[in-house]
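Hi everyone, and thanks for coming. I'd like to walk you through a structure that may be new to you, so please have a look at it while I talk.

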Amino acid sequence: MAINPKLELRQAHSLVMTPQLQQAIKLLQLSNLELISFVETELERNPLLERADADEPNGMASDSSAAPLKEEQPDKDRAASEGETEAGDDGEWVDLESGNGVSQTDDLDVEPQDVFPDADGFTPGALKDSGWSGLTLRAGADEGSNLEAYVAETRTLRDHLSDQLVLAFADPARRLIGHHLIDMTDEAGYLQGELEPLAELLGAELSPVEETLQVMQGFEPCGVFARNLRECLTLQLKEQDRCDPAMAALIDNLHLLAAHDRVALKRAARVSDEDLSDMIAEVKRLNPKPGLKYGSAPTQPIVPDVLVRSLPDGSFHVELNSDTLPRVLVNQSYYATVYKSATGKQDKSYLTECLQTANWLVKSLDQRARTILKVAQEIVRQQDAFLAYGVRHLRPLNLKTVADAISMHESTVSRVTANKYMATNRGLFELKYFFTSSIPATLDGDAHSSEAVRDRIREMIEAEPVGGVLSDDKIVERLKGDGVDIARRTVAKYREALRIPSSVQRRRLKRMAQGASA
């Protein structure tokens with residue numbers, strides 16, 4: 001068989017993931033906060049992008065001109081300054097020295113701490129001698145001033161511990177170990193991580209690290225630098241001189257305390273019922289998270305991406321939340337001006353690339369918004385019974401059903417529903433909440449949503465009397481009577497997911513509550 005070189009033409013289909021396509025896919029799965037951060041980064045990188053005003057029409061998205069705005073800005077500033085001068089003639093602006101209402105514009109090259117002397121008898125006229133001649137006070141300034149700018153900074157747990165570290169150790173080596181221990185402490189005051197890796201990192205023996213930790217466990221608030229709940233409570237009890245053998249036995253059996261097993265606790269601590277009640281009350285007065293006394297990380301509120309409101313005819317209107325959609329414009333006029341003045345080939349290539357990137361970003365943002373709206377409308381159409389009547393009417397739904405209805409791929413729907421929230425008349429829900437697995441019916445009826453079944457289990461347990469606590473088997477019998485074909489292990493899984501204790505623990509809790517009320 002002879003081997004000869006030859007040329008062939010072949011035709012094949014393949015998917016090429018261009019950088020623009022990768023960016024569009026990435027934008028789909030970003031949350032609104034991540035999207036705003038991404039757009040802010042692009043605004044800094046791309047000189048042809050600019051932020052649109054909230055009241056600017058969308059039609060100007062590709063015909064924005066920033067250069068004329070910059071040329072007109074001095075006239076606006078001049079008009080604003082003239083308006084401020086006229087307002088000063090009416091008495092709104094008061095000069096500290098003469099009170100004639102004239103707003104002076106001398107150079108302000110003096111630091112505020114150098115202007116205000118400590119001597120008594122200081123008068124506003126001394127400001128002019130110090131070089132601070134443009135200071136004016138506005139009548140009613142409290143209306144326009146930002147009060148948050150005058151609020152003192154909140155001291156964190158780290159700041160409080162660092163101040164005590166300086167007083168506790170004079171040795172620089174111990175201070176270095178202490179700073180690393182502070183870095184390993186979370187906002188609740190617990191020490192995260194092991195001491196052996198820290199000693200290896202610092203090139204020190206384990207004993208000085210343990211000795212430093214033992215000293216720092218006496219810092220305020222009491223209980224910090226504990227490695228678990230038992231150690232945290234023990235540190236607080238030792239501070240109160242209440243860590244006797246009986247109390248130590250109680251702390252060693254916190255799992256029995258959580259299960260409310262008083263018989264086993266009495267046997268472990270070897271105390272009477274009255275003493276055990278006093279010990280439990282004393283433990284409840286301790287702080288399991290002492291670090292939160294100095295504040296925690298601010299909680300970021302969830303802003304919905306989609307708004308759903310009911311209409312008088314019983315239908316639902318779906319719209320995007322415009323507050324979560326960043327508005328960016330492509331400055332075509334600035335591009336034309338700079339491109340004409342560019343002389344180098346590299347400069348023109350850079351400007352062309354920036355223009356293509358800006359146009360693609362605007363297009364990707366628009367496509368993202370349309371896709372989210374399309375998916376949200378189909379979800380509302382599928383789950384309209386839930387919005388009208390509640391969780392009992394939530395239907396089983398998967399990604400494929402929505403994808404086939406709107407002619408999209410399942411992966412696209414999955415990316416759209418990630419980290420997105422919908423505000424409805426029933427509350428605020430993540431879009432993935434509406435996708436639930438199905439549980440078959442006992443007869444030939446429609447399948448039930450797992451979330452609806454979970455809600456039925458919760459209602460059954462909440463309504464059970466003291467003498468009729470429902471076991472998992474009884475819950476299965478009731479659900480099968482309602483037409484839900486479910487196994488006992490599934491009921492136990494749903495109950496644990498709802499953080500509901502077992503029937504034995506619930507019976508014990510109900511009896512304790514009944515005895516306490518009596």
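Let me start with a question: which cysteine sulfur is closest to the sulfur of Cys222, and how far away is it? This is a predicted model, by the way, so please keep that in mind throughout. The closest one belongs to Cys232, and the two sulfurs are 7.9 Å apart, which is too far for a bond. A disulfide, as a reminder, is a covalent bond between the sulfur atoms of two cysteines. With a cut-off of 2.5 Å between the sulfurs, the count of disulfides comes to zero. While we are on cysteines, Cys354 counts as buried, at 7% relative accessibility.

Now to the aromatic rings. How many aromatic pairs does a search of the whole structure find? The search finds eight. Let me show you two of them. In one, the ring centres of Phe219 and Phe225 are 6.3 Å apart and the planes meet at 75°, so we call the pair edge-to-face. Phe219 counts as buried, at 6% relative accessibility, and Phe225 is buried too, with a value of 0%.

Another edge-to-face pair is made by Phe386 and Phe429, with 5.4 Å from centre to centre and 75° between the planes. This pair links distant parts of the chain: Phe386 sits in helix H17, residues 384–389, while Phe429 belongs to strand S8, residues 427–430, and the two are 43 residues apart. Both Phe386 and Phe429 are buried.

Tyr421, for example, has Glu430 in S8 as its bridge partner. Two residues join S7 to S8 in a hairpin.

There is another hairpin to find on your screens. Strand S4, residues 306–310, pairs with strand S5, residues 316–320, in the antiparallel sense over five bridges. Here Ser310 is bridged to Phe316 in S5. Five residues lie between S4 and S5, and in that turn Gly314 has a positive phi of about 95°.

Rings can also meet charges. Which ring does the charged end of Lys348 sit over? That would be the ring of Tyr339, with the charge 5.4 Å from the ring centre. Arg454 does something of this kind with Tyr494: its charged end sits over the ring, 4.5 Å from the centre.

Let me finish with two residues further along the chain. Is Val484 buried or exposed? Val484 is buried, with a relative accessible area of 0%. You'll find Val484 in the loop between helix H21, residues 472–481, and H22. Setting aside neighbours within four places in sequence, Val484 is in contact with Ile439, Pro440, Thr442, His448, Val453, Arg456 and Leu479. Take His448: it is 36 residues from Val484 along the chain, yet their C-alpha atoms are separated by 7.1 Å.

And finally, Arg495, which lies in helix H22, residues 488–497. Arg495 is buried, with a relative accessible area of 7%. Leaving out residues up to four places away in sequence, Arg495 touches Ile461, Asp472, Ile500, Pro501, Ser502 and Arg506.

Technical notes:
Residues are numbered from 1 along each chain as its sequence is written. This is a predicted model: local features need pLDDT of at least 70, side-chain atom pairs count only at pLDDT 80 or more; totals for chains, interfaces and linings use all residues. Side-chain values use heavy atoms; hydrogens and water are left out. Helices (H or I, at least four residues) and strands (E, at least two) are DSSP runs, numbered from the N terminus. Buried means under 20% relative accessible area, exposed over 50%, partly exposed in between (1.4 Å probe, protein chains only). Contact means heavy atoms within 4.5 Å. Rings of Phe, Tyr and Trp (its six-membered ring) pair if their centres lie within 6.5 Å; planes under 30 degrees apart count as stacked, over 60 as edge-to-face and the rest as tilted. A charge sits over a ring if NZ of Lys or CZ of Arg is within 6 Å of the ring centre and within 35 degrees of the ring normal. Two strands pair if DSSP finds at least two bridges between them.
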